[in-house]
Each structure stands twice: as C-alpha cells, then as structure tokens.
Amino acid sequence: NTLSIAIIGAGLAGISAARHLSEAGHQVQLFDKSRGSGGRLSSKRTEFGDLDIGAQYFTAREPGFRRELKRWLEAGWVADWEPQLYLYEKGQLRPSEDDQQRFIGMPRMTGLSRQLLEGLSLTSSCRIQRLRRDEPHWWLEDDQGSEHGPFDRVVVAAPAPQAAALLEPAVQLAQAAARINMLPCWAVALVFEQPLDTPVQACFVRDGALDWISRNSSKAGRKGPDSWVIHASTDWSAAHVDDSPLQVIAAVQQALAQILGCDLPEPVFSHAHRWLYARPAEDCQWGALAAPELGLYACGDWCLGGRVENAWLSGRQVARALMGAG
Ligand code: FAD
Ligand code: NAD
C-alpha cells in the first residue's frame, strides 16, 4: 500500500531515497532548510559563471551506481572530467595522471540534483526542528512553528550532527548519529580576468594549508573566465574555523601562489564558504539506520563515508530498509 513519507534533507542521499521510494509508488515529500537543493553538491552562481564550491567531482565503483550513472551520462546530466592532474607533496608539484574516471554535474554540480528532483515534491527554506509522534503518524515541526504532516514514515537525510537532534524519538539512532564527528572545510573560489600561467587543472595537496585545487573553468559546460576552487585541509580549516572570509581568502591565495609557483594577479571575484560538516571523520559501514517499529529512518554520506556515490547508495539503502519493513 502507498505510504506517505517525509524526507528531511534534499542532498543526494535524500534525493536518492526519494526517487527510490516514489518509483515504488510511495507519496514522498522532501524538506530542506536551504533555498535550493543539492546540499553539499553546491554551486555558487556568479556573474563570472557557476562555481562548484562543494563536491568537485565524483567516482563510481558500485555496480548499481554505475548503471544509474550510465543513464545520467546518456541524459547529459553529468559528463566526464579529465583534468591535467597534479600532486603537491613535500614542496614539489608534479603531474599525477591516473586512469580513474571522474564525473561532474552539468552544467554545474547542482545540475545533477536539479534533474534528479524532477517530478518530486520539495519544500525548500524549511528547517525542520522536531519530529512529533502522534500514533500512528509523524508530524514535522519547523523553526517557524508550523507543523507538516501527517506522515506514515520519516527519513532523516541531514548531516549527522543535525540528524542526531531530529532522531531523538529513536534513542539508538540518535546516539549512533551523535557518535559521528563531522569535520569542517573552508572552500575558496577565485576568478581571474587573465588565465593563470600554469598547466594545472586539478591538484591533490598533501602538505600545508590546502587539500585540493581545481580549475573550475576546465570542466565542461562552465562558462566565464579562469576560475579556481580551493579547499583548505581539515586541520587548517579546524584551526581557522572562526577566521573571517577575508582572512581565509588571503591565506588561501598565498598558499595557492606558492604551490603553483606563479604570481597571482588580483582576482576579479573571490568568495569563501565555510562547510562546518564537510565530511565524516571516518567511514562506517551502516549503509543506513532504521527504527522500523517507529517508522523512523536515517541516511546520508556519514552512514558510509564522505563521497557522492556513498550518499546516493545510502539513500538507496534506506529506501530498501523502509520498504522491506512493510
Ligand atoms: P548533504 O548534501 O549535506 O545534504 C543534507 C541536506 O540536509 C542539506 O541540503 C541541508 O540543507 C539539509 N538539512 C540539514 N538539516 C536540516 C533540517 N533540520 N531541516 C531541513 N533540512 C536540513 N564527494 C565526492 O564524492 N567528491 C568530491 O570531490 C567531494 N568534495 C567535497 C568537497 C567539499 C568542500 C564538501 C563539503 C564535500 C565534498 N564531497 C565530495 C562530499 C559530498 O559532497 C557528500 O558526501 C555528499 O554530497 C553528501 O550528501 P548527503 O545527501 O549525505 O548530505
Ligand atoms: P578519487 O579516487 O579521485 O580520490 C581519492 C583520494 O585518492 C584523493 O583524495 C587523493 O588523496 C588520492 N588520489 C586519487 N587520485 C590521485 C592521483 N592521481 N594522484 C594523487 N593522489 C590521488 O575520488 P573519490 O575516492 O571518489 O574521493 C572523493 C574525493 O572527495 C576525495 O578526494 C576526498 O578528499 C574529497 N572530499 C573532500 C571533502 C572536503 O571536505 N574537502 C569532503 C568529502 C570528500
């Protein structure tokens, strides 16, 4: 029979759960606190083009996800990305090509989440604060004091610390989510009028303040001048979590110039975004969490490891658990 299901969080895990459940005939309603959707698949719209400031690309290893990816590629929702790949380690910058296939949303990372949401119902700008059980139903209370419901089942698809608060009615689930530590990441976007004098299009960084450098404008479908997205390392981000965006931009620019070994002109655009819950501290193998006796479930990358593919797999897993529980 058809169930009415609320999903809190319209990142890739929540969207994957929503698609699996609605394809099986259930009535699904997504909620997200943001104005948009996609969560950590995140693209900042600017006059210089769209800049991917969250997930940079994704890889696909699990067979079911690879089959799904094939459909996305055929539909043009994602494309290959084969950057000139480098590694910066022990003060040395060197090419680091490999055979790994990497994929990007088109024409921006959130292009994928946008397409996957087609036909699904999303209430955006709605932060759910509390779940209330009124046997046999659930009601969702938002931070404006409005209630949404009734629902037969609830799936919490928010990052672990936010999920822990919502999962309170199922103590074991709340405790499991609360055990997951999520680590911060400062992301900086820079746009230059003239292309920087370097062949680098992407770079893994092993020491210093940075973790990752990418030339956003080297990705298919991205329009505009030479744009870069740089992620600070976890340790640096944690140590500078309360710095101002201007301080962070200055420090990141300096580190970037040192790694690329070229002068950086004044950018025509700069932006810093602080991700407080960028990635789970460690990978676990839960897949998803379930309290079937209450009809309460949880999914997200933190149930499998901080990657796009894992978010999608966790959403599939929670849908299977929910449907298996009848
Ligand atoms: P999210 O995308 O975080 O979605 C959760 C959603 O829940 C959000 O939209 C949030 O607004 C919403 N929410 C939270 N609380 C509430 C509430 N109370 N009420 C309503 N809504 C709520 N992965 C890769 O595979 N490759 C990469 O290159 C890569 N790079 C990354 C770089 C950065 C800087 C970051 C931050 C992440 C990166 N990742 C990368 C990880 C990847 O982005 C995540 O694993 C994945 O997007 C997580 O999806 P999710 O659905 O589990 O969570
Ligand atoms: P992947 O296979 O491309 O990379 C996994 C890791 O392997 C890299 O982080 C890097 O350390 C190493 N690596 C891969 N290719 C390399 C090469 N050619 N040269 C040197 N090192 C190489 O991608 P994945 O397994 O799908 O991982 C997802 C990526 O998302 C990771 O890079 C991870 O760091 C990143 N991520 C970042 C955040 C953040 O907060 N910044 C959060 C979650 C995930």
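His 148 lies in strand β12 (residues 147-151), where helices (H or I, at least four residues) and strands (E, at least two) are DSSP runs numbered from the N terminus. The structure is a predicted model, in which local features need pLDDT of at least 70, side-chain atom pairs count only at pLDDT 80 or more, and totals for chains, interfaces and linings use all residues. Residues are numbered from 1 along each chain as its sequence is written, while chains are lettered from A and ligands numbered from 1 in the order in which they are written.

- His 148 is partly exposed, because 16 other C-beta atoms lie within 10 Å; a residue is buried if 20 or more other C-beta atoms lie within 10 Å of its own, exposed if 12 or fewer, and partly exposed in between, with C-beta atoms placed from the backbone.
- Leaving out residues up to four places away in sequence, His 148 touches Ala 6, Trp 139, Leu 140 and Asp 142; two residues are in contact if their C-beta atoms, placed from the backbone, lie within 7 Å.
- Between the C-alpha atoms of His 148 and Trp 138 the distance is 8.8 Å, and the two residues are 10 apart in sequence.
- Strand β12 also holds Pro 150, which is joined to Gly 149 by a cis peptide bond with omega about 0°.

**Two domains**

- The protein chain is divided into domain 1 (4-37 + 117-179 + 284-324) and domain 2 (45-109 + 182-280); these bounds come from an automatic or database domain assignment.
- Taken over C-alpha atoms, the centres of domain 1 and domain 2 are 29 Å apart.
- Contacts link 12 residues of domain 1 with 11 residues of domain 2.
- On the side of domain 1 that touches domain 2, α8 gives the most, with 4 residues.
- By class, that side of domain 1 has 7 nonpolar, 2 polar and 3 charged residues; Ala, Val, Leu, Ile, Met, Phe, Trp, Tyr, Cys and Pro count as nonpolar, Asp, Glu, Lys and Arg as charged, and the others, Gly among them, as polar.

**Ligand surroundings**

- Around ligand 1 there are 37 residues, of which Gly 9, Gly 11, Gly 39, Arg 40 and Ala 158 come nearest; a residue is near a molecule or strand if its C-beta atom, placed from the backbone, lies within 6 Å of it.
- This shell around ligand 1 consists of 19 nonpolar, 11 polar and 7 charged residues.
- Both domain 1 and domain 2 give residues to the shell around ligand 1, so it lies between them.
- Ligand 2 has 15 residues around it, and Thr 59, Ser 96, Cys 185, Ala 278 and Arg 279 come nearest.
- The elements giving two or more residues to the shell around ligand 2 are β6 (85-89) and β18 (269-280).
- The shell around ligand 2 divides into 6 nonpolar, 5 polar and 4 charged residues.

**Nonpolar cores**

- The largest nonpolar core has 65 residues, and Val 155 and Leu 167 have the most contacts inside it; such a core is a set of buried Ala, Val, Leu, Ile, Met, Phe, Trp, Tyr and Cys residues joined through C-beta atoms within 7 Å.
- Helix α8 gives the most to this core, with 7 residues.
- Domain 1 and domain 2 both give residues to this core, so it lies between them.
- A second, separate core of 34 residues includes Val 191, Leu 210, Val 248 and Ile 249.

- In helix α5 (residues 171-179), the buried residues are Leu 173, Ala 174, Ala 176 and Ala 177.
- Seen down the axis of α5, these buried residues fall within an arc of 160°, so they line one face of the helix; the arc is that of the directions from the helix axis to the C-beta atoms.
- The face turned away from the buried side of α5 carries the exposed residues Val 171, Gln 172, Gln 175 and Arg 179.
- Ala 157 has its place in the loop between β13 (153-156) and α4, and it is buried because 33 other C-beta atoms lie within 10 Å.

**Backbone details**

- Most residues other than glycine have a negative phi, and most peptide bonds are trans.
- The peptide bond from Met 106 to Pro 107 is cis, with omega near -5°.
- Lys 90, in the loop between β6 and β7 (92-95), has a positive phi near 50°.
- Ser 125 has a positive phi of about 50° and lies in the loop between β9 (121-123) and β10 (128-134).
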